[in-house]
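Please have a look at the structure first, and then read on.

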Amino acid sequence: MSAPSDGRSAEWRGELNRPGSAHREWVRHSFRERLLRYFLWLAAIASLVWAVRSIEIIPEFLADAPEQMADLLIRMWPPDLGHYYPSVHAAMIETLHIASLGTVLGVALAIPVALLAARNICRNAFLNAFAQLLLVSSRSVNSLVWALIFVAVFGPGPAAGTFAIAFRSIGFVGKLLAEAIEESAPGPVEALEASGAPWGHRMLKGIWPQVQPAFWGIALFRWDINVRESAVLGLVGAGGIGVVLDDAINFFQWEKVATILLAILAVVVVAEILVTRIRAKLI
């Protein structure tokens, strides 16, 4: 009898030439693999228990949470739509401006970083590593943390929110764009280089036509994400609908809170539909 050829590790017991041996027993995992699996399960359970103990869940509060949530929903219903105009409407428009301007600025800053990170464009290993560090640094800092930094720089207001969205977008756009550039076919670029075309023409005629669909898809997807993220930047003073939401919560105006949440939901849904249709047209 031959060992199975399905790629899985197995342990065969018994001897083929042993008298009276009719077959050998197949075991899916070896002893070492079973021991490793048990260790991983034990580590996962220990990590879960450690996490639950570290966040200090109070059982009384946890049991009372459904009742408190129901009471909050009762206070928010029905929403007072009279609060929408002009304060909520103006704050929502400001949120869209923050998301749009932040996306444009972020994409503009991400393009040179993506070119440095693409190994088929930039052959310098140090510049590749430096660009990757910038992309990782941008993605590792949450948009709210960026907002706190720029509130300290520019003061409270939409300018801080715009720069927070932009610097948060660099890592996302730059990483995906660099990967798209690296996946582009080298043939057109080599043909242009052989004909003596300058670097700018090689990028515009050889790389850009190949990455253009991915570029617009990445930019639209990031704008969709930024619309969501910019809605909460006002909670730290970076402008937008979050400022109005924070004021309504602090003054216990729950009917106004419900109106604001419905406005955010409507804008997010419309942005999702719009981005999906535009991407379908482009791709």
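## About the model

This is a predicted model, in which local features need pLDDT of at least 70 and side-chain atom pairs count only at pLDDT 80 or more, while totals for chains, interfaces and linings use all residues. Residues are numbered from 1 along each chain as its sequence is written, and side-chain values use heavy atoms, with hydrogens and water left out.

## A nonpolar surface patch

Leu116, Phe126, Leu127, Phe130, Leu133 and Leu134 make up a nonpolar patch on the surface, and together they have about 540 Å² of accessible area. Accessible areas come from the Shrake-Rupley method with a 1.4 Å probe, and for residues only the protein chains shown count as cover. Nonpolar side chains (Val, Leu, Ile, Met, Phe, Trp, Tyr) are joined within 5 Å, and like charges within 9 Å.

Helix H4 (residues 125-140) gives the most to this patch, with five residues. Helices here are DSSP runs (H or I, at least four residues), numbered from the N terminus.

## A pair of helices

The axes of helix H8 (residues 199-230) and helix H10 (residues 254-282) come within 10 Å and cross at roughly 180°. Axes are lines fitted to C-alpha atoms over the stretch in contact, and angles run from 0 to 180 degrees between N-to-C directions. H8 and H10 are therefore roughly antiparallel to each other (angles over 145 degrees). The contact (heavy atoms within 4.5 Å) involves residues including Trp216 and Phe221 of H8 and Val267 and Leu282 of H10.

## Ala63

Ala63 is located in helix H2 (residues 59-76). Ala63 counts as exposed, at 62% relative accessibility (exposed is over 50%, buried under 20%, partly exposed in between; 1.4 Å probe, protein chains only). The C-alpha atoms of Ala63 and Leu81 are separated by 33 Å, with the two residues 18 residues apart along the chain.

Definitions and conventions: Patch = residues over 30% accessible without salt bridge, like charges linked within 9 Å, V, L, I, M, F, W, Y side chains within 5 Å. Salt bridge = Lys/Arg side-chain N within 4 Å of Asp/Glu carboxyl O. Helix = DSSP H or I, 4+ residues; strand = E, 2+ residues; numbered from the N terminus. Parallel < 35°, antiparallel > 145°, perpendicular 65-115°, else oblique.
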